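Here are a few notes to read alongside the model. Take them one at a time and keep the picture open.

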Amino acid sequence: NKEAKQRKVVEEYVHTLLNTDEEILNIYENEDIQQIFPSFKLTRTYTKKEIDEIKESLLYIKQILQGHRYKILNFKEANKKLKREGGAIASDKGDVYYIDIDGDGIFFQAAVVVDDDYKIISIAIGMCDHPQRLCFLYL
(Lines give C-alpha, C1' and ligand atoms only; values in the text may rest on other atoms or scores of the structure.)
Protein backbone atom coordinates (compact mmCIF):
# COMPACT_ATOMS: atom_id res chain seq x y z
CA ASN A 1 0.00 0.00 0.00
CA LYS A 2 1.29 3.42 -1.01
CA GLU A 3 0.87 5.12 2.35
CA ALA A 4 2.65 2.34 4.26
CA LYS A 5 5.62 2.53 1.86
CA GLN A 6 5.76 6.32 2.09
CA ARG A 7 5.54 6.17 5.88
CA LYS A 8 8.45 3.69 5.89
CA VAL A 9 10.55 6.17 3.86
CA VAL A 10 9.84 8.88 6.46
CA GLU A 11 10.60 6.46 9.30
CA GLU A 12 13.97 5.58 7.74
CA TYR A 13 14.77 9.28 7.26
CA VAL A 14 14.02 10.08 10.93
CA HIS A 15 15.95 7.01 12.11
CA THR A 16 18.98 8.01 10.03
CA LEU A 17 18.74 11.58 11.26
CA LEU A 18 18.68 10.51 14.90
CA ASN A 19 21.61 8.14 14.44
CA THR A 20 24.08 10.36 12.59
CA ASP A 21 26.18 13.12 14.11
CA GLU A 22 29.47 13.67 12.37
CA GLU A 23 28.01 12.75 8.99
CA ILE A 24 25.55 15.65 9.03
CA LEU A 25 28.23 18.09 10.17
CA ASN A 26 30.40 16.93 7.28
CA ILE A 27 27.88 17.65 4.52
CA TYR A 28 29.54 19.92 1.99
CA GLU A 29 27.93 19.01 -1.32
CA ASN A 30 25.01 17.18 -2.92
CA GLU A 31 26.81 13.82 -2.91
CA ASP A 32 27.23 14.01 0.86
CA ILE A 33 23.49 14.56 1.34
CA GLN A 34 22.64 11.71 -1.04
CA GLN A 35 25.02 9.36 0.76
CA ILE A 36 23.45 9.93 4.17
CA PHE A 37 19.85 10.24 2.96
CA PRO A 38 19.43 8.05 -0.13
CA SER A 39 15.67 8.67 -0.01
CA PHE A 40 16.17 12.37 -0.87
CA LYS A 41 15.46 13.15 -4.52
CA LEU A 42 17.89 15.98 -5.29
CA THR A 43 17.05 17.84 -8.48
CA ARG A 44 19.81 20.43 -8.61
CA THR A 45 23.20 21.39 -7.22
CA TYR A 46 23.06 23.48 -4.08
CA THR A 47 25.19 26.47 -3.16
CA LYS A 48 27.29 26.38 -0.01
CA LYS A 49 24.74 28.72 1.65
CA GLU A 50 21.84 26.39 0.77
CA ILE A 51 23.73 23.33 2.00
CA ASP A 52 24.45 25.16 5.26
CA GLU A 53 20.71 25.90 5.61
CA ILE A 54 19.85 22.26 4.96
CA LYS A 55 22.45 21.13 7.54
CA GLU A 56 21.19 23.64 10.09
CA SER A 57 17.62 22.49 9.54
CA LEU A 58 18.52 18.79 9.85
CA LEU A 59 20.54 19.37 13.03
CA TYR A 60 17.71 21.41 14.55
CA ILE A 61 15.16 18.65 13.81
CA LYS A 62 17.53 16.05 15.28
CA GLN A 63 18.06 18.14 18.42
CA ILE A 64 14.29 18.55 18.98
CA LEU A 65 13.44 14.89 18.35
CA GLN A 66 16.34 13.41 20.35
CA GLY A 67 15.13 11.53 23.41
CA HIS A 68 11.43 11.87 22.58
CA ARG A 69 8.82 9.45 21.40
CA TYR A 70 7.44 10.48 18.05
CA LYS A 71 4.74 9.39 15.68
CA ILE A 72 4.61 9.98 11.95
CA LEU A 73 1.27 11.38 10.80
CA ASN A 74 -0.12 11.53 7.30
CA PHE A 75 -1.94 14.63 6.05
CA LYS A 76 -5.38 13.47 7.24
CA GLU A 77 -4.15 12.59 10.75
CA ALA A 78 -2.23 15.86 11.05
CA ASN A 79 -5.17 17.87 9.72
CA LYS A 80 -7.42 16.45 12.44
CA LYS A 81 -4.89 17.44 15.14
CA LEU A 82 -4.39 20.91 13.65
CA LYS A 83 -8.03 21.95 13.32
CA ARG A 84 -7.59 24.91 15.69
CA GLU A 85 -4.44 26.13 13.92
CA GLY A 86 -6.13 26.19 10.53
CA GLY A 87 -5.28 22.67 9.42
CA ALA A 88 -2.29 20.91 7.92
CA ILE A 89 -0.54 22.13 4.79
CA ALA A 90 -0.86 20.01 1.66
CA SER A 91 1.43 19.78 -1.37
CA ASP A 92 0.45 19.35 -5.00
CA LYS A 93 3.73 17.51 -5.67
CA GLY A 94 3.39 14.66 -3.15
CA ASP A 95 2.08 13.58 0.23
CA VAL A 96 3.05 15.57 3.32
CA TYR A 97 4.02 13.70 6.48
CA TYR A 98 4.25 15.38 9.88
CA ILE A 99 5.83 14.31 13.15
CA ASP A 100 3.98 14.42 16.44
CA ILE A 101 6.29 14.56 19.46
CA ASP A 102 5.23 12.66 22.61
CA GLY A 103 1.59 13.09 21.55
CA ASP A 104 1.89 16.73 22.65
CA GLY A 105 1.79 18.38 19.28
CA ILE A 106 3.06 18.52 15.76
CA PHE A 107 6.64 19.59 15.13
CA PHE A 108 6.10 21.55 11.91
CA GLN A 109 9.76 21.95 10.98
CA ALA A 110 10.13 18.17 10.66
CA ALA A 111 7.50 17.86 7.90
CA VAL A 112 8.53 16.21 4.62
CA VAL A 113 6.90 15.63 1.23
CA VAL A 114 7.12 12.14 -0.31
CA ASP A 115 6.38 11.56 -3.99
CA ASP A 116 4.84 8.57 -5.79
CA ASP A 117 8.32 7.10 -6.35
CA TYR A 118 8.78 6.91 -2.55
CA LYS A 119 11.43 9.64 -2.50
CA ILE A 120 11.55 12.65 -0.18
CA ILE A 121 11.24 15.62 -2.54
CA SER A 122 10.91 18.37 0.04
CA ILE A 123 11.81 19.16 3.63
CA ALA A 124 10.43 21.92 5.81
CA ILE A 125 13.09 24.53 6.55
CA GLY A 126 11.25 26.52 9.19
CA MET A 127 8.58 29.14 9.43
CA CYS A 128 8.28 32.07 7.03
CA ASP A 129 6.45 35.21 8.00
CA HIS A 130 3.85 37.46 6.32
CA PRO A 131 1.66 35.51 7.02
CA GLN A 132 3.27 33.01 9.38
CA ARG A 133 3.43 29.73 7.48
CA LEU A 134 5.58 26.67 6.98
CA CYS A 135 8.34 26.98 4.35
CA PHE A 136 9.41 23.97 2.32
CA LEU A 137 12.60 23.53 0.34
CA TYR A 138 11.90 21.43 -2.75
CA LEU A 139 14.98 19.31 -3.25
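1. A word on the ground rules. This is a predicted model, where local features need pLDDT of at least 70 and side-chain atom pairs count only at pLDDT 80 or more, while totals for chains, interfaces and linings use all residues. Residues are numbered from 1 along each chain as its sequence is written, and side-chain values use heavy atoms, leaving out hydrogens and water.

2. Now the parts list: the protein has five helices and six strands (DSSP runs, H or I of at least four residues for helices and E of at least two for strands, numbered from the N terminus). Starting at the N terminus, the order is α-α-α-α-β-α-β-β-β-β-β.

3. Next, burial. Of the 139 residues, 44% count as buried, meaning under 20% relative accessible area with a 1.4 Å probe, protein chains only.

4. Look at H1 (residues 2-18) and H4 (residues 48-65): their axes come within 9 Å and cross at roughly 85° (axes are lines fitted to C-alpha atoms over the stretch in contact, with angles from 0 to 180 degrees between N-to-C directions). H1 and H4 are therefore roughly perpendicular, the label for 65 to 115 degrees.

5. Who touches whom there? Tyr13, Val14, Leu17 and Leu18 of H1 meet Leu58, Ile61, Lys62 and Leu65 of H4, with contact meaning heavy atoms within 4.5 Å.

Conventions. Parallel < 35°, antiparallel > 145°, perpendicular 65-115°, else oblique. Buried < 20%, exposed > 50% of the residue type's maximum accessible area, 1.4 Å probe, protein only.
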